[in-house]
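Work through the exercises below with the sequence and the model open. Each task is followed by a worked solution.

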Amino acid sequence: MNRVVITGMGVISPVGSGAETFFDNLTKGVCGIGPITRFDTEGYKVKVAGEVKDFDAEAAGIDRAQAKRTDLFAQYAMAAAIQAVSDSGIEGTVAPERFGVYVGSGIGGMQTFVQETEKLLNRGPGRVSPFFVPMMIGNMAAGNIAIRFNAQGPCLPVVTACATSSHAIGEAFRTIKYGHADAIIAGGAEATIIPLAVAGFSNMKALSESEDPSAASLPFDTRRAGFVMGEGSGILVLEEYGHAMARGAKVYAEVVGYGNTCDAYHITAPQAEGTGAANAFKLALEEAGYDGEKLYINAHGTGTPMNDKVETLAIKKALGEERAREALISSTKSMTGHMLGAAGGVEAIACAMALKHGIVPPTIHLDSPDPECDLNYVPNAAVKADIQLALSSSLGFGGHNAVIALRKI
Amino acid sequence: MDNVFEKIVETIVDAKGIDAASVKPESTFKDLNVDSLDIAEMVMTLEDEFGITIELEEGIATVQDLVNLINERIAG
């Protein structure tokens with residue numbers, strides 16, 4: 001069985017681009033949430049989001065002609081992948097057929113879908129762009145990244161809503177662990193701060209209607225009333241340990257466990273006892289060989305009333321009450337908003353950085369703790385801690401649960 | 001005639017991010033790295049521009065071939 005390490009990381013997020021800037025801002029408690037600027041929110045109940053600021057595709061390494069034919073979610077993915085691959089220094093050291101891409105999106109090119117639908121309805125079928133399909137389909141982040149880096153090995157874009165990135169990273173880990181690839185670019189991307197998506201999530205009562213950016217994304221707080229939509233991409237280069245060592249690569253952390261389960265209960269609501277999520281935690285801990293070492297959990301922690309309560313239960317179920325209380329837990333969504341299919345990517349990066357630097361980022365704006373969420377959520381200020389193992393959990397619509405485990409190296 | 005050629009050049013430059021000087025009447029779409037999706041999109045733009053309908057025929061290989069086809073349609 002191969003060991004798998006993280007040798008490169010890239011981030012496009014509401015709290016900054018680049019893994020170092022991103023983590024630095026997380027530890028400082030920088031809030032990336034603000035009023036929606038992408039469209040006029042007149043008539044919308046939702047007023048705030050975690051927008052990526054000042055994204056420049058050309059500056060990120062995507063030429064103008066390609067950017068025009070690529071939906072924003074895939075541009076974010078490519079930009080983060082370019083950062084991650086550059087950071088890893090892997091280009092040219094891995095055989096193309098042993099180099100893979102596991103990059104998904106929860107939703108895909110919804111903006112493109114809307115634009116082309118308008119053309120169809122207003123101007124007829126002859127005016128729908130020939131680039132509509134390849135821009136819109138959710139696998140095209142992976143396709144474009146594979147083309148960019150000539151990665152001819154396993155390619156698998158995951159679609160499990162908000163658990164997308166964590167499943168992508170977990171599956172990539174397994175693929176390298178079992179010897180089917182030497183390195184895989186893994187993670188996810190999302191770009192749906194658009195009227196249709198905001199209206200849809202809003203009408204299912206999933207989103208916070210707060211107009212105050214400092215009191216909107218409130219994981220584990222009594223005031224929490226829905227998540228705040230974020231966007232961006234988080235991409236990691238996972239690499240077989242021996243391959244990384246042979247080329248003298250820097251290593252952020254080791255990937256040591258993965259749990260993948262489904263609630264099989266409801267299309268959007270989590271199962272109230274948290275059994276499916278707890279099992280995903282247990283599977284990841286078991287594969288990681290957890291033995292009571294100092295633990296950080298980057299929780300899914302969306303700030304919906306149900307999620308945070310059920311996730312707390314799931315953590316207790318998986319770890320036992322005592323160890324659950326000892327664990328440092330935070331929701332970086334308090335700063336990034338919920339980046340949906342990209343969330344697990346940036347949160348895995350937060351975990352890797354937390355292990356590397358011995359600093360746990362906080363849950364900000366946690367001023368009024370919920371008695372039903374009674375664990376240590378690292379409120380409002382980062383803490384230094386010699387953590388040895390980090391878990392990142394992602395729980396998606398459809399009942400998808402994914403937990404990955406990273407170990408300090 | 002010149003107008004049609006110029007519009008095609010403009011469309012290719014816009015779509016592919018290449019230098020206008022590199023697009024010549026005898027340039028093949030293959031040489032310009034203009035693929036079938038690019039051509040389909042370009043035809044839509046040109047249809048709007050000139051108020052015509054174009055059915056792409058086999059054998060449209062060069063920029064001049066496309067200029068000729070459009071001029072035929074404009075002439076009616």
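**Exercise 1.** Decide whether A:Lys205 is buried, partly exposed or exposed, and describe its place in the chain and its backbone.

Solution. The model is predicted, and every value below is computed from it.
- Step 1: count the neighbours. A:Lys205 has 13 C-beta neighbours inside 10 Å.
- Step 2: apply the cut-offs. A buried residue needs 20 or more, and an exposed one has 12 or fewer. A:Lys205 therefore counts as partly exposed.
- Step 3: A:Lys205 sits in the loop that lies between helix 8 (195-203) and strand 7 (232-240) of chain A.
- Step 4: check the backbone. Phi of A:Lys205 is near 65°, which is positive although the residue is not glycine. Most residues other than glycine have a negative phi.

**Exercise 2.** Carry out the analysis for A:Asp54: what is its phi, and is the residue buried or exposed?

Solution. 
- Step 1: A:Asp54 has a phi near 55°, a positive value in a residue other than glycine.
- Step 2: the loop between strand 4 and helix 2 (64-68) of chain A holds A:Asp54.
- Step 3: A:Asp54 counts as exposed, because it has 7 C-beta neighbours inside 10 Å.

**Exercise 3.** Find which residues A:Phe39 touches beyond its sequence neighbours, and state its exposure.

Solution. 
- Step 1: A:Phe39 is in the loop between strand 3 (34-35) and strand 4 (48-49) of chain A.
- Step 2: the count of C-beta neighbours inside 10 Å is 11, so A:Phe39 counts as exposed.
- Step 3: once neighbours within four places in sequence are set aside, A:Phe39 is in contact with A:Ile194 and A:Pro195.
- Step 4: for a distance, take A:Val11. The C-alpha atoms of A:Phe39 and A:Val11 are 24 Å apart, with 28 residues of sequence separation.

**Exercise 4.** Describe the surroundings of strand 13 of chain A: how many of its residues are buried, and which strands pair with it?

Solution. 
- Step 1: strand 13 covers residues 389-396 of chain A, and eight of its eight residues are buried, so the strand is largely enclosed by the rest of the structure.
- Step 2: sort the residues by direction. A:Leu389, A:Leu391, A:Ser393 and A:Leu395 point one way, while A:Ala390, A:Ser392, A:Ser394 and A:Gly396 point the other way; all are buried.
- Step 3: take the parallel partner. Strand 9 (residues 295-298) of chain A runs parallel to strand 13, with four bridges between them. In this pairing A:Asn298 has A:Ser392 as its bridge partner.
- Step 4: take the antiparallel partner. Strand 14 (residues 400-407) of chain A is joined to strand 13 by eight bridges. Here A:Ala390 is the bridge partner of A:Leu406.
- Step 5: look at the turn. Strands 13 and 14 of chain A form a hairpin with three residues between them, and A:Gly398 in the turn has a positive phi of about 95°.

**Exercise 5.** Identify which residues touch the most other members of the largest nonpolar core, and where the core draws its residues from.

Solution. 
- Step 1: the core has 138 residues, and A:Ala77, A:Val103, A:Ile185 and A:Leu238 touch the most other members.
- Step 2: the most residues, eleven, come from helix 3 (residues 72-88) of chain A.
- Step 3: domain 1 (4-246) and domain 2 (256-407) of chain A each supply at least three residues to this core.
- Step 4: follow one member. Beyond four places in sequence, the contacts of A:Ala77 include A:Val103, A:Ala141 and A:Ile145.

**Exercise 6.** Describe the two chains by their secondary structure, dimensions and burial, then state how many residues are in contact between them.

Solution. 
- Step 1: chain A has 14 helices and 14 strands, whereas chain B has three helices and zero strands.
- Step 2: the C-alpha trace of chain A spans about 65 × 55 × 40 Å along its principal axes. For chain B the corresponding box is roughly 30 × 25 × 20 Å.
- Step 3: in chain A, 59% of the 409 residues count as buried; in chain B, 20% of the 76 residues do.
- Step 4: across the interface, seven residues of chain A are in contact with seven residues of chain B. The chain A side consists of three nonpolar, one polar and three charged residues.

Notes
Residues are numbered from 1 along each chain as its sequence is written. Chains are lettered from A and ligands numbered from 1 in the order in which they are written. This is a predicted model: local features need pLDDT of at least 70, side-chain atom pairs count only at pLDDT 80 or more; totals for chains, interfaces and linings use all residues. Ala, Val, Leu, Ile, Met, Phe, Trp, Tyr, Cys and Pro count as nonpolar, Asp, Glu, Lys and Arg as charged, and the others, Gly among them, as polar. Two strands pair if DSSP finds at least two bridges between them. A nonpolar core is a set of buried Ala, Val, Leu, Ile, Met, Phe, Trp, Tyr and Cys residues joined through C-beta atoms within 7 Å. Domain bounds come from an automatic or database domain assignment.
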